[in-house]
Amino acid sequence: MTMMKRSGQAGRIPRALVAALAGGLVAAALGGCGNLSRVSADGTTDTPRFPDVSGASRSEGSWPNLENLRAVREGMSKTQVSQLLGPPHFSEGLLGVREWDYLFWLTGSGGVTPCQFKVLFNTAMTASSFHWKPQTCAELLAPSS
């Protein structure tokens, strides 16, 4: 049986091209969906953008512990926010992400309401601002009298 040898470079992909493609794939994977909103260095935005709820990793959302939700404050680290609310419910990415989104169910006088909650982080990765969709969900957090 005779084996054929490949000639030098024929059929090979240049290493530089492979490295560039691999680097692009890693950057895409680590960046994930990234930030939907234009988040300033101080962790604020004029126009918060919320992800489509069909993209939630927990499509059913969650019923948050209201005391934990009320305890979320400016200046908290991602670890502290995660300890109170759990991991974000959408694929935000891994590195440099300054926007976390949650899908919660809250109960009020009008019944059960699906609510999206957004936490924005500054460049030091501490929580800086918070947004609701719809905004009326924030009112459902008021302690009962």
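Cys137 is buried in this predicted model, with a relative accessible area of 0%. Its partner in a disulfide is Cys115, and the two sulfur atoms sit 2.0 Å apart. Cys115 is likewise buried, again with a relative accessible area of 0%. The count for the structure comes to 1 disulfide. Because Cys115 belongs to strand S2 and Cys137 to the segment after S3, the pair ties together parts that are 22 residues apart in sequence. The link of Cys115 and Cys137 is left-handed, with -85° about the S-S bond.

Strand S2, which holds Cys115, also has a place in an open sheet of 3 strands. The strands follow the order S1-S2-S3, and their pairing is antiparallel. S1 and S3 stand at the edges with a single partner strand each, so one side of each is left without a neighbour in the sheet. Neighbouring strands are turned by 25° against each other on average, direction ignored. In general, strands of a sheet pair through backbone hydrogen bonds, either parallel or antiparallel. Here, S1 and S2 run antiparallel and are joined by 10 bridges. A student tracing the sheet can pick out Thr107, whose bridge partner in S2 is Val112.

The helix to look at next is H3. This helix lies across S1, S2 and S3, and runs at about 30° to S1. Leaving aside neighbours within four places in sequence, Val81 is in contact with Met76, Gly86, Trp100, Tyr102, Val119, Phe121 and Ala127.

Side chains of opposite charge can pair when their charged atoms come close. A search of the whole structure finds 3 salt bridges. One of them joins Glu99 and Lys118, with 2.5 Å from N to O. Glu99 lies in strand S1 and Lys118 in strand S2, so this pair ties together parts that are 19 residues apart in sequence. Both residues, Glu99 and Lys118, are buried. Lys118 forms a salt bridge with Asp101 as well, and here the closest N and O atoms are 2.7 Å apart. This second pair links distant parts of the chain, with Lys118 in strand S2 and Asp101 in strand S1, 17 residues apart. Asp101 is buried, with a relative accessible area of 2%, and the value for buried Lys118 is 0%. Through shared partners, the salt bridges join Glu99, Asp101 and Lys118 into one network.

How exposed are the two partners? Glu67 counts as exposed because its relative accessible area is 53%, over the 50% cut-off. Arg70 is partly exposed, with a relative accessible area of 21%.

Technical notes:
Residues are numbered from 1 along each chain as its sequence is written. This is a predicted model: local features need pLDDT of at least 70, side-chain atom pairs count only at pLDDT 80 or more; totals for chains, interfaces and linings use all residues. Side-chain values use heavy atoms; hydrogens and water are left out. Contact means heavy atoms within 4.5 Å. Two strands pair if DSSP finds at least two bridges between them. Helices (H or I, at least four residues) and strands (E, at least two) are DSSP runs, numbered from the N terminus. Axes are lines fitted to C-alpha atoms, for helices over the stretch in contact, and angles run from 0 to 180 degrees between N-to-C directions. A salt bridge is a side-chain nitrogen of Lys or Arg within 4 Å of a carboxyl oxygen of Asp or Glu. Buried means under 20% relative accessible area, exposed over 50%, partly exposed in between (1.4 Å probe, protein chains only). A disulfide is a pair of cysteine sulfur atoms within 2.5 Å.
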